[in-house]
Amino acid sequence: MENKIVDHLFRHHYGKMVAILTRFFGLSNIETIEDAVQDTFIKATLQWRKQLPDKPEAWLTKVAKNRTIDLLRSIKAEKNRIDKIATGTSAILLNDLFLDHEIEDSQLRMIFVACHPRLKPKEQIAFALKTISGFSTREIAAALLTKEDTIAKRLNRAKQIIVKNNIQFDFPPPNEVQDRLARVMEVVYLTFNEGFHSTNKEKLIREDLCGEAIRLCKLLLKKEKFRSGSVYALFALLCFHASRLESKTNMANEIVDIREQDRSKWYFPLIQMGNGAMNKAMEYEDISIYHYEAAIAAEHIKAKTFVDTNWEKILNWYLELQIVKPSTLNLLNIAIVNLQLHNFDSVKDILDKLPISDLEQREYLYYGCYAEYFVKRGDASLAISYLDKAILKTSNSLEKAYLQKKKLYLEIQAQN
């Protein structure tokens, strides 16, 4: 039980604590701060076995602050300043930074720092996912379809560049806001995706990550200077997807295909919020990939049943999205939609040309699509062989079980 509480608090408070302590101690000490926060959660895991504190969050804050001071003392960094921090008015100031509005401000500053132009785009995203949402190196690698050691190198480079260039913990100047905001939105988007379709071995859905992404997006929308059509469209997209979370698995923790999902479980207040955000998005001139993806999600939401889905419209949105931002995953989605429309020649043409290595950890989706293609063409034997390939490429236990169930069903059908 205690470990579950620590895990929950880690996911929800890691980014907050790193942001606040960084605002106080400075970006030059980011690595020490991260170590201090990590140490704090390790300490919590050990101590809370005996007794849970009355106020776990306050305990974490105090221990993280003290641990940061200890670490900075141990490396003899900013000694004079540290002596002042430990007691008196500076200590009160640090505590004030844990007020709700200051937490929000610190996290917004951190996410914009992470997306600083001095950092390469791939370093920006990795650093943001680590410092804002507390992603592990493995989780970042999965979210970015990249190897873990590559992510570790990117994180180290990002920290070195921040220190070397004396990057300040602040918002970008007005002329840089829009470029920086595009990277910020990508981080929010990737955070949500890892929650909505997790690469975690045991969990398909991670509601905490979805909630974190929605929270960060809401933080952006609270500041008038950061509002845009793209941010509103992204918020709409997240709301539409989040509305379906409860129906993605059943009581037995098995995956439920969208065609069989109980649509009465789709959460209407989130759909309403999404519709409202899309209406706001259309009041701005800018158009982004999030507009197209939100439009696709809206089509699924609008359909009363799977049969009622307007696949022609969805295909059109995907084709437009591919023009705006070409990607291998998007091409795979186009193939999947064409399957629903029985455009089999188009499906095979896309799949045969698809550079599947680009999909990295999502490669199993390619084999799953090909399996579905052969099911619809009436070739159970080839469908089973592609399901075998998909199963081998799947790390998530729920998805593996889902694919094995499909395979078993085809094998039974083939015998009859």
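The legends below accompany several close-up views of a predicted model.

In this predicted model, local features need pLDDT of at least 70 and side-chain atom pairs count only at pLDDT 80 or more, whereas totals for chains, interfaces and linings use all residues. Residues are numbered from 1 along each chain as its sequence is written, and side-chain values use heavy atoms, with hydrogens and water left out.

View 1. Helices (H or I, at least four residues) and strands (E, at least two) are DSSP runs, numbered from the N terminus. The chain has 416 residues, of which 52% count as buried, where buried means under 20% relative accessible area, exposed over 50% and partly exposed in between (1.4 Å probe, protein chains only). Among contacts in the chain with a separation of 6 or more, 66% come from residues 24 or more positions apart, a contact being heavy atoms within 4.5 Å.

**View 2. The packing of helix H14 against helix H15 (residues 311–324).** The two axes lie 9 Å apart at an angle of about 165 degrees; axes are lines fitted to C-alpha atoms, for helices over the stretch in contact, and angles run from 0 to 180 degrees between N-to-C directions. H14 and H15 are therefore roughly antiparallel to each other, given that angles under 35 degrees count as roughly parallel, over 145 as roughly antiparallel, 65 to 115 as roughly perpendicular and the rest as oblique. Residues of H14 that meet H15 include Ile289, Tyr292 and Ile296, and those on the H15 side include Trp311, Leu321 and Val324. The residues of this contact divide into ten nonpolar, one polar and five charged, where Ala, Val, Leu, Ile, Met, Phe, Trp, Tyr, Cys and Pro count as nonpolar, Asp, Glu, Lys and Arg as charged, and the others, Gly among them, as polar.

**View 3. Glu299 in helix H14 (residues 289–302).** Glu299 is buried, with a relative accessible area of 7%. Its side chain makes a polar contact with the side chain of Lys302 at 3.1 Å; such a contact is a pair of N or O atoms within 3.5 Å, and within protein one must be able to donate a hydrogen and the other to accept it, while residues adjacent in sequence count only if both atoms are side-chain atoms. When neighbours within four places in sequence are left aside, Glu299 is in contact with Asn310, Lys313, Ile314 and Trp317.

**View 4. Helix H17 (residues 344–353) and helix H18 (residues 363–376), whose axes come within 11 Å.** These axes cross at roughly 150 degrees, and H17 and H18 are therefore roughly antiparallel to each other. The contact is made by Phe344, Val347, Lys348, Leu351 and Asp352 of H17 together with Tyr366, Cys369, Tyr370, Tyr373 and Lys376 of H18. These residues divide into seven nonpolar, no polar and three charged.

View 5. Most residues other than glycine have a negative phi.
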